[in-house]
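Here are my notes for your first look at this model. Keep the viewer open and check each point as you read.

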Amino acid sequence: MELNSIQNNAKSYGVPIIRTESHKILEKFTAEKQPLHILEIGMAVGFSGITMLSACNGDLVTIEHNKDYIRQAKTNFKNFGLSKRVKILQGDCHIEIVKLLYSGNYDNYFDLIFLDGPKAQYNLLLDGLLQLLKHDGVFIADNVLFRGYVDGTTKAPTRRYKTIIKRLSEFIDNCKNHEELKDFKLIDTEDGIIFARKK
Ligand SMILES: C[S@@+](CC[C@H](N)C(=O)[O-])C[C@H]1O[C@@H](n2cnc3c(N)ncnc32)[C@H](O)[C@@H]1O
């Protein structure tokens, strides 16, 4: 099976997946860094998960609350022969992250955390995620410029995006100034991706 077919299918059915530039960056980065343990928030149908796992030999814990997406993702991981390297946590990411924290098995565990879930809640998730990230581990967050509305490159068409724009803007500042993060970088591709490392 080709990764392209998952991408085309996702487009046809309106499943949100990482855009082309983010995909290339994520694939290149994972191939270079070879993370052993990856955590993803927002799996959808497994496109980014398959991208990362195909580029390294590590394993993936991934969180998703949409049951239809999970069903499709399971088939997709299976078709790529990756099922054994993936643990899917079905549920709300706030709760699943708390469960990971309370299990006591994942403190400072992940080499890479890819945040691609509910955009307006990135800030609320940050501190919990950093607890799960190893020292020197890499934190990546996608879509932080939200169609260019956050940095004003594109003017938001309606006021309905006001809250998400404000929250993403606060999230960017928080990552930039966070006492547990270093090497902050905001890549200004299509939708904006943050890279940072844990101190
Ligand atoms: C942008 S999509 C993820 C795309 C995926 N990373 C990829 O590129 O293939 C965001 C996903 O987060 C999921 N999501 C949104 N809010 C969530 C929540 N509170 N808990 C768990 N999953 C959530 C959505 O159902 C959606 O599948």
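Which residue in β4 is the bridge partner of L39? Find the pair first, then work through the points below.

1. The partner of L39 is I113 in β4. Keep in mind that this is a predicted model. Strand β1 covers residues 37-41, and strand β4 covers residues 110-115. The two run parallel and are joined by four bridges.

2. **The whole sheet.** Seven strands form an open sheet with mixed pairing. Trace the order as β3-β2-β1-β4-β5-β7-β6. The edges are β3 (86-90) and β6 (181-187). Each has a single partner strand, so one side of each has no neighbour in the sheet. From one strand to the next, the twist averages 15°.

3. **Helices on the sheet.** Look at α3 next. This helix lies across β1, β2, β3 and β4. Its direction is at about 170° to that of β2. Now find helix α7, residues 162-177. Helix α7 packs on the sheet too, where it touches β6 and β7 (193-198). The direction of α7 makes about 140° with that of β6.

4. **The ligand shell.** There are 18 residues around the ligand. Those that come nearest are I18, G42, A44, F47 and S48. Which elements each supply at least two residues of the shell? Both α3 (47-55) and β2 (59-64) do. Sorted by class, the shell has ten nonpolar, five polar and three charged residues.

5. **Two helices together.** Two packed helices are described by the angle and the distance between their axes. Take helix α5 (residues 93-103) and helix α6 (residues 122-132). Their axes come within 10 Å and cross at roughly 35°. The crossing of α5 and α6 is left-handed. From α5, the contact uses C93, I97, V98, L100 and L101. From α6, L125, G128, L129, Q131 and L132 take part. By class, this contact has eight nonpolar and two polar residues, and no charged ones.

6. **One residue in detail.** I193 sits in strand β7. Is I193 buried or exposed? I193 is buried, because 25 other C-beta atoms lie within 10 Å, and the cut-off for buried is 20 or more. Setting aside neighbours within four places in sequence, I193 is in contact with S22, I25, I140, A141, D142, V144 and I187.

Notes. Residues are numbered from 1 along each chain as its sequence is written. This is a predicted model: local features need pLDDT of at least 70, side-chain atom pairs count only at pLDDT 80 or more; totals for chains, interfaces and linings use all residues. A residue is near a molecule or strand if its C-beta atom, placed from the backbone, lies within 6 Å of it. Ala, Val, Leu, Ile, Met, Phe, Trp, Tyr, Cys and Pro count as nonpolar, Asp, Glu, Lys and Arg as charged, and the others, Gly among them, as polar. Two strands pair if DSSP finds at least two bridges between them. Axes are lines fitted to C-alpha atoms, for helices over the stretch in contact, and angles run from 0 to 180 degrees between N-to-C directions. Two residues are in contact if their C-beta atoms, placed from the backbone, lie within 7 Å. A crossing is left-handed if the near helix is turned anticlockwise from the far one by less than a right angle, and right-handed if clockwise. A residue is buried if 20 or more other C-beta atoms lie within 10 Å of its own, exposed if 12 or fewer, and partly exposed in between; C-beta atoms are placed from the backbone.
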